[in-house]
Amino acid sequence: MSIIVAVPRETFPGESRVALTPAAVTALVKNKLAVVVESGAGAAAGYADASYEAKGARIADRGEVFATADILLQVRCTLSPQSPDFQLLKPSALLIGFCDPLGTPAAVAEASKKGISLISMELIPRITRAQAMDALSSQANIAGYKAVVMAANASPKIFPMLMTAAGTLQAARVFVVGVGVAGLQAISTARRLGGVVSAFDVRPEVKEQVQSVGAKFVELPLDTAGAADKGGYAKALSADQQKKQAELMAKVVAESDVVITTAAVPGRPAPKLIPASAVERMQPGSVIVDLAAERGGNCELTEPGKTVVKHGVTIIGHTNIPATVAQHSSAMYANNLAKLLALMVNKEGALKIDQADEVISGSLVCHGGKVVHPRVTEVLGAKAPAIGVGAVPAAAAVGASRVEAVAIGGAR
Ligand code: NAD
């Protein structure tokens with residue numbers, strides 16, 4: 001009998017992505033997997049039931065999806081142990097999705113107690129071999145693009161310079177703060193729209209990347225030597241350095257029509273880099289898109305989940321921008337999952353959770369009735385490398401969130 005890969009409709013508020021697309025069904029069926037999709041699962045992303053059926057998936061109701069899943073694919077693995085969905089799952093099921101293992105440790109513990117295995121997409125190691133499975137990057141790419149489109153839509157100005165009989169319009173000045181995956185895509189998109197783009201990142205090695213996509217790297221008299229760890233991620237600045245950075249950037253912010261902020265330090269809340277005083281200095285009609293809103297925001301005036309106007313400046317604090325481009329975000333995410341499954345399923349369609357593989361061990365949260373991820377067990381307060389869930393302290397949350405889960409991704 002084939003292993004059943006099941007895909008439910010997402011129920012997280014505002015989540016319009018779907019974990020599997022019809023195109024990705026083809027890859028799974030080729031790997032001898034049977035695919036069951038909840039009726040309407042892809043509707044919000046523009047994928048009809050019939051498209052899944054045409055690729056060899058079977059459409060079923062929600063109860064059947066959860067009850068038959070050997071592997072359950074989700075965007076948001078929101079594990080509520082009290083939910084009927086959770087009760088229906090087979091104890092041997094493998095769940096794969098953004099699981100927020102540190103933000104919801106109690107749910108992880110319950111899943112583990114039931115025997116369920118959990119792979120958290122936030123934790124896929126960011127190594128070259130795992131690039132095709134790196135869902136943080138695929139979704140950040142989309143977010144970087146859409147942030148610019150949202151800014152252009154909210155701006156009372158157009159981006160390109162125009163010289164016409166009716167007069168000359170200056171190109172929009174766009175400033176991107178934080179040049180990781182999302183930031184680089186934001187720069188490229190703003191350039192394609194005709195904006196004049198500058199960018200800053202505390203990692204000095206980013207300068208060349210910024211220039212290679214046609215933007216100016218803003219030089220700030222800030223000592224950023226050692227700002228990156230050996231995995232290539234930014235380290236947190238001291239409070240003094242952060243304050244100095246905010247002061248130095250304020251002039252560039254004030255002169256910009258659009259500011260896109262993406263600055264993040266794994267394991268920490270987003271650094272506050274744009275104080276209210278800097279927003280006050282911006283021209284009315286300017287726009288800030290704060291891609292760090294989900295982690296608290298880079299701008300002091302950002303209200304996560306909302307668009308607000310402060311001092312005449314529109315500040316967009318959307319916390320799930322990839323969901324606003326659900327068809328393409330889902331397509332990339334589904335490909336990430338298909339590549340991950342290809343790593344775990346052999347030619348006969350049999351599943352192997354190979355903990356000797358660093359991609360699997362890096363992202364496996366619980367397996368065989370135990371919480372197995374060392375960083376997760378550490379946060380749960382256990383000393384042993386793997387613990388039975390019975391030992392998980394009730395107050396293990398320690399304010400952890402997906403932010404911290406990102407830090408677990410490991411070295412590149
Ligand atoms: P991220 O989301 O953790 O952070 C976004 C950016 O914010 C980073 O570039 C960081 O340096 C920057 N930042 C942090 N503090 C800042 C501050 N005070 N001021 C300005 N900028 C600040 O980053 P990410 O998008 O996940 O990528 C981090 C790095 O990892 C990038 O170099 C990226 O290219 C690389 N990466 C490599 C792989 C791979 O090799 N498989 C995969 C993904 C990302």
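**Reading the fold around Leu337**

Of the 412 residues of the chain, 53% count as buried. Keep in mind that this is a predicted model.

Q: Why is the chain called as compact as a globular protein of its length?
A: There are 14 helices and 18 strands in the chain. Its radius of gyration is 22 Å, and the globule rule gives 22 Å for 412 residues, so the chain is as compact as a globular protein of that length. As for extent, the C-alpha trace spans about 70 × 50 × 35 Å along its principal axes.

Q: Why is Leu337 called buried?
A: Buried means under 20% relative accessible area. Leu337 has 1% relative accessibility, so Leu337 counts as buried. You will find this residue in helix 11, which covers residues 326–344.

Q: What share of the contacts with a separation of 6 or more comes from residues 24 or more positions apart?
A: Such residues account for 65% of those contacts in the chain.

Q: How many side chains are positive and how many negative, and how far apart do the centres of the two sets lie?
A: With Lys and Arg taken as positive and Asp and Glu as negative, the chain has 40 positive and 34 negative side chains, and the two centres lie 3 Å apart.

Key
Residues numbered from 1 in each chain as written. Predicted model: local features only at pLDDT ≥ 70, side-chain atom pairs only at ≥ 80, totals over all residues. Heavy atoms only, no water. Helix = DSSP H or I, 4+ residues; strand = E, 2+ residues; numbered from the N terminus. Rg over C-alpha atoms; globule rule 2.2 N^0.38 Å. Buried < 20%, exposed > 50% of the residue type's maximum accessible area, 1.4 Å probe, protein only. Contact = heavy atoms within 4.5 Å. Charge placed at Lys NZ, Arg CZ, Asp CG, Glu CD.
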